[in-house]
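Good morning, and thank you for coming.

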Amino acid sequence: LPTKGEKKGKVFSFEINKRESDRENVYYAKVINKKYLSRRIIHLELSMENFNEKYYPGDTFGIYMNNARLLTDKLIKQLGFDRSYVVSKGVNKKLLKDTLLTDYEITLLTPAVLSKYAQLTNNKELHKLISDKDRLKEYCRTRDVLDLVKDFTGNFSPEEFLSTLRNLTPRLYSVASSTLANSNELHLTVGLIENTINKRKHRG
């Protein structure tokens, strides 16, 4: 459910939702407390009851995140796709919007993604950017997939577009608690990133 910080003034919103996964090693942890340490830093306390594995301060846990719905909607609109279009991934079928929300990375760019997208669109300006290592590095650092499809247009199907993207992988966080002090709990400190580039807020 959407949740917001307790402090007055503008606060970064942060959604916590259970997402389904077909991975056998996924553990669903219940959020038992959430504190805003600052406007963009959150301390999460998760229940690890019945986790049945040992962990220590400094160990790393991966948390699966969904992409922001607003960013996903803007991306589909920019591409001119139907959000209710059905996409097949292996034996599974999903609506295009759902698969962009849960399966693919759209907040970060890599040289590999740009290279695949350049091959798909055959965009000359994008090929020029890729050939300049400094420009390529800066573009990947400051842009996301919505910027990419705005800056370098092309004609392709939803499946072809998805083939250029990376799979959405878990975000890694270090354990910030000890089971000696907090039995059956896992504490994590999460930093929320927000930058304004080309008059659009980029969040992650």
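Strands here are DSSP E runs of at least two residues, and helices are H or I runs of at least four, numbered from the N terminus. This is a predicted model, in which local features need pLDDT of at least 70, side-chain atom pairs count only at pLDDT 80 or more, and totals for chains, interfaces and linings use all residues. Residues are numbered from 1 along each chain as its sequence is written, and side-chain values use heavy atoms, without hydrogens and water.

Between β3 and β4 (residues 41–47) there are 7 bridges, in the antiparallel sense; two strands count as paired if DSSP finds at least two bridges between them. Another facing pair is Tyr 36 with Ile 42 in β4. A hairpin of 2 residues connects β3 to β4.

These strands belong to an open, antiparallel sheet of 3 strands, ordered β3-β4-β9.

I turn now to the cores. A nonpolar core is a set of buried Ala, Val, Leu, Ile, Met, Phe, Trp, Tyr and Cys residues joined through side-chain atoms within 4.5 Å, where buried means under 20% relative accessible area with a 1.4 Å probe, protein chains only. The largest has 29 residues, and Leu 75, Leu 100, Leu 114, Leu 148, Phe 161 and Leu 165 have the most contacts inside it. Helices giving two or more residues to this core include α1 (69–79) and α7 (158–162). Apart from it lies another core, of 14 residues, among them Leu 44, Phe 51, Leu 186 and Leu 188.

Key
Buried < 20%, exposed > 50% of the residue type's maximum accessible area, 1.4 Å probe, protein only.
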